[in-house]
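User: Could you walk me through some of the labels used for this model?
Analyst: Happy to; here it is.

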Amino acid sequence: MNRKIIVRKSGKVINIFYPCSFSDNYIRYEYLYIDSDSDNMHQWRVRQIAIAAPDLCDTFLLNGSNEWEGAILEVGAPDFMGGYHGDENNTGLSILIDNRLMSADEDFEAECDRIKITATSLLNRADTPGDNVFARIKISEWNSEGYSVTNRFELLQDIEIHRFENIMMGLPLFKGEERFITHAASNTHPIPVFVSADSAENRDKPIFAGDHFASAFEYFAPEHNFYAKVEGIFDLEKYPNGFRLFDNWRVGTDKVIKAYFNMTGKHSGKKGEIFKSKAIYTLEA
């Protein structure tokens, strides 16, 4: 990177401005502490992601309520646990700016080449505060690689897992009345295809079908000089029931194109089992 990352912390909100490679714009990541009793969510996480101009003012909000950090659904549970869905409680936080350890209790502003934020937490059974199911270590990092999230989940009890959607990425199909994301691709189907805002017209496109071997998804908004990619790194062979896809339901209901990485699919999890993954996000505007 020729330009530095700009980071500003105020209270329990950290704004991270990551410089784009092909313009003077930035991608702004809002990393903050969510404190909500209603959904049992008391954890640090990325919420908003936006395109920002060179003056650091937002020009377009890419995701107002970010779900990219993943969630897990137990068989028979009423809801997912973790991330956007709640039932997650922070147990520790560490902030590293280049090689300097920062106080999580103090405000600061800095320019740097690397930010590493480590958040530890406990995930409760859905809608059951205090019933600890997973111990989580989440490392969010911004560096020359882009933005990445490394997860380590340790099971604290046996559970039957229905879906383990530990990696996600969703972007809007529209910018006001204009189309925004128009094309999409995956590593197994690398030629970009047009994405219709009418779900029925996407039904036969293979990027919308469950794919065990998909590990990367790309988004294209050529009229807006925007590109995005999410790559998932995990043990593909360990979980034969896992699959990945673009969700066509979201296209129809929310006008959002969203990639889901269901790492395990249906899986009998045992106490002490470790689930590891890394997501690498690339955004250019």
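**Rings, charges and cysteines**

Analyst: Let's begin with Arg 179, whose charged end sits over the ring of Phe 174, 5.5 Å from its centre. This is a predicted model, where local features need pLDDT of at least 70, side-chain atom pairs count only at pLDDT 80 or more, and totals for chains, interfaces and linings use all residues. Residues are numbered from 1 along each chain as its sequence is written, and side-chain values use heavy atoms, with hydrogens and water left out.

User: What makes the charged end of Lys 175 sit over the ring of Phe 60?
Analyst: The rule asks for NZ of Lys or CZ of Arg within 6 Å of the ring centre and within 35 degrees of the ring normal. For Lys 175 and Phe 60 the distance is 5.1 Å.

User: Why is the pair of Tyr 29 and Tyr 147 called tilted?
Analyst: Rings of Phe, Tyr and Trp (its six-membered ring) pair if their centres lie within 6.5 Å; planes under 30 degrees apart are stacked, over 60 edge-to-face, and the rest tilted. Here the centres are 4.7 Å apart and the planes at 50°, so the pair is tilted.

User: How do you know that Cys 112 is in no disulfide?
Analyst: A disulfide needs two cysteine sulfur atoms within 2.5 Å, and the nearest cysteine sulfur to that of Cys 112, belonging to Cys 20, is 16 Å away.

User: Why is Cys 112 called buried?
Analyst: Buried means under 20% relative accessible area, exposed over 50%, and partly exposed in between (1.4 Å probe, protein chains only). Cys 112 has 0%, so the residue counts as buried. Cys 57, at 43%, is partly exposed.
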